[in-house]
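This report describes one protein structure for a reader who is new to the subject. Please keep the sequence and the model in view while reading.

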Amino acid sequence: MTIGGSTSTFNFLGLTFNLGNIISVTIACVIVLALVFALSRHLTMKPGKAQNVLEYAVDFTNGIVNSSVSGEAAKSLGLWGFSLFMFLLVANLQGLFLHVDISGITFVKSPTSDPVVTMTLSLMTLTLAQFLGIRTLGYKGHFENYLKPFWPFIIVNLFEEFTNFLTLGLRLFGNILSGEMLLSMITSMAMNGGPKMWIAAFPLELAWQGFSVFIGCIQAYVFVVLSSVYISRKIELED
Amino acid sequence: MFSYSVVGAQLYVGDMIFVMIAFIVLMWLIKLVAWKPITKMMQNRSDKIANDIDSAKDSRTKAAELAQQRQVELDKTREDASGIINTAKQNGQQQRDQIVEDARNEASNLKSSAEKDIEQQRQEALANSRKDVASLSIEIASKIISKQLNEDDQKGLVDSYIEGLGKQK
């Protein structure tokens, strides 16, 4: 992927890896894990501050999952929703405070500003939806859903699967990438325009960073909501 | 942009696999570190709250039962107490009557025995006085008689009298 600057790649076992993505994803995972680890110490019946934060987050993601998925499946999807939301939240905000370019090559950024990462997450979500659909309804019930309301709809339904996959990933990627791109544009404008421009760009950068934080939170929420909607549609028999 | 990445350049399949593995490992670690304990704790808490509500309801009904029971017992006790008081009153009344009766009887007994005693004493005194009167009248008579005696006879009489006195002593 060559969007937003050149990258450093290496080959391993015949697969191509983008070093920037690997580092960014790893950092995001470590941050999420450290956050969750720090918040989950000393769990008690009467919650402390950290426990309250964690329980609020868990309740929040459980609420998202429960609002679309009903019954027993919602319980098993709680962990998935929580992990996805935390990872996306951290990943979306990571590029706003941590952006490392070395001689034009980006090493640390928002992992979700790369389409490969977001499309992979989208693919995982839809694969999970297919898997849960087959497990809940059986092969017959699952694939019969593609023929409903009547059989020519198989074209529409298959196309919908594909568009779901694309829109879910690209929505997140587009939002985060545009935010980062504009931030780096403002930064380069400030750097090239001298001290006056630097002062003028400062509030602009500040405002856009705040807006990007907002966008990042919203997109993490939207991604989890849509994912659970897609899953809920797969594990229920259509009328 | 996606099409560009597919068509124009390499697709970083390695990245995709890395992201998948990273996310699954992250999910597993979150489950291990936080998810299990926190959901267990939340479950425990909701169980505890449910239990507390149930036990509160139980104890409230128990308390109501106890209050009712106590009320019943209180009423019974009050009845018992008034019964005891009534019996005691009756007993007291009876005892009082008995005592008064006894006292009256005793008093009349005492009175009659006293009357008897008095009568007896009177009789005794009468008998005594009768005896005394007899002896006095005899003495008087003897004195009157002795004045008409001569000196010798008198002397003899006196002597006999003195002798009689001495014997009496």
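The model is a predicted one. A disulfide is a covalent bond between the sulfur atoms of two cysteines. In this work a pair of cysteine sulfur atoms counts as a disulfide only within 2.5 Å. Searching the whole structure gives zero disulfides over all chains. A:C29 is accordingly in no disulfide, and its nearest cysteine sulfur belongs to A:C217.

Are these cysteines buried or exposed? A:C29 counts as buried because its relative accessibility is 10%, and the cut-off for buried is under 20%. A:C217 has a relative accessibility of 30%, so A:C217 counts as partly exposed.

| Residue | Relative accessible area | Class |
|---|---|---|
| A:C29 | 10% | buried |
| A:C217 | 30% | partly exposed |
| A:N157 | 11% | buried |
| B:N44 | 31% | partly exposed |

## The nonpolar core

In soluble globular proteins, nonpolar side chains tend to be buried together. How many residues does the largest nonpolar core have here? The number is 53, and the residues with the most contacts inside this core are A:F82, A:L84, A:F87 and A:L121. At least two residues of the core come from each of α1 (19-39), α2 (49-68), α3 (72-97), α4 (115-144), α5 (153-192) and α6 (194-234) of chain A, and also from α2 (13-147) of chain B. The helix that gives the most is α3(A), with twelve residues.

Leaving out residues up to four places away in sequence, A:L84 touches A:L121, A:T125, A:F223, A:V224 and A:S227, together with B:F23 from chain B.

## A buried asparagine and a cavity

A:N157 sits in helix α5 of chain A. A:N157 is buried, because its relative accessible area is 11%. Apart from neighbours within four places in sequence, A:N157 is in contact with A:N145, A:Y146, A:L147 and A:K148.

The structure has one cavity of 30 Å³ or more. The largest cavity holds about 50 Å³ of space. Which residues line the largest cavity? They are A:L126, A:A129, A:Q130, A:E161, A:N164, A:Y230, A:R233 and A:K234. Helices α4, α5 and α6 of chain A each supply at least two residues of this lining.

## Chain B

Chain B has three helices and zero strands, and along the sequence its pattern reads α-α-α. Of the 169 residues in chain B, 11% are buried.

An unreviewed UniProt entry lists residues 12-35 of chain B as "transmembrane region".

B:N44 is in helix α2 of chain B. With a relative accessible area of 31%, B:N44 is partly exposed. How far apart in space are B:N44 and B:A127? The distance is 117 Å from C-alpha to C-alpha, while the two residues are 83 residues apart in sequence.

How values were computed. Residues numbered from 1 in each chain as written. Chains lettered and ligands numbered in written order. Predicted model: local features only at pLDDT ≥ 70, side-chain atom pairs only at ≥ 80, totals over all residues. Heavy atoms only, no water. UniProt positions renumbered as here; feature names shortened; annotations may be inferred. Core = buried A, V, L, I, M, F, W, Y, C linked by side-chain atoms within 4.5 Å. Buried < 20%, exposed > 50% of the residue type's maximum accessible area, 1.4 Å probe, protein only. Helix = DSSP H or I, 4+ residues; strand = E, 2+ residues; numbered from the N terminus. Contact = heavy atoms within 4.5 Å. 1 Å grid on protein atoms, 1.4 Å probe; cavity = no way out; pocket = protein on both sides within 12 Å on 5 of 7 lines; lining within 4 Å. Points joined across faces, edges and corners; volume = space filled by probe spheres on them.
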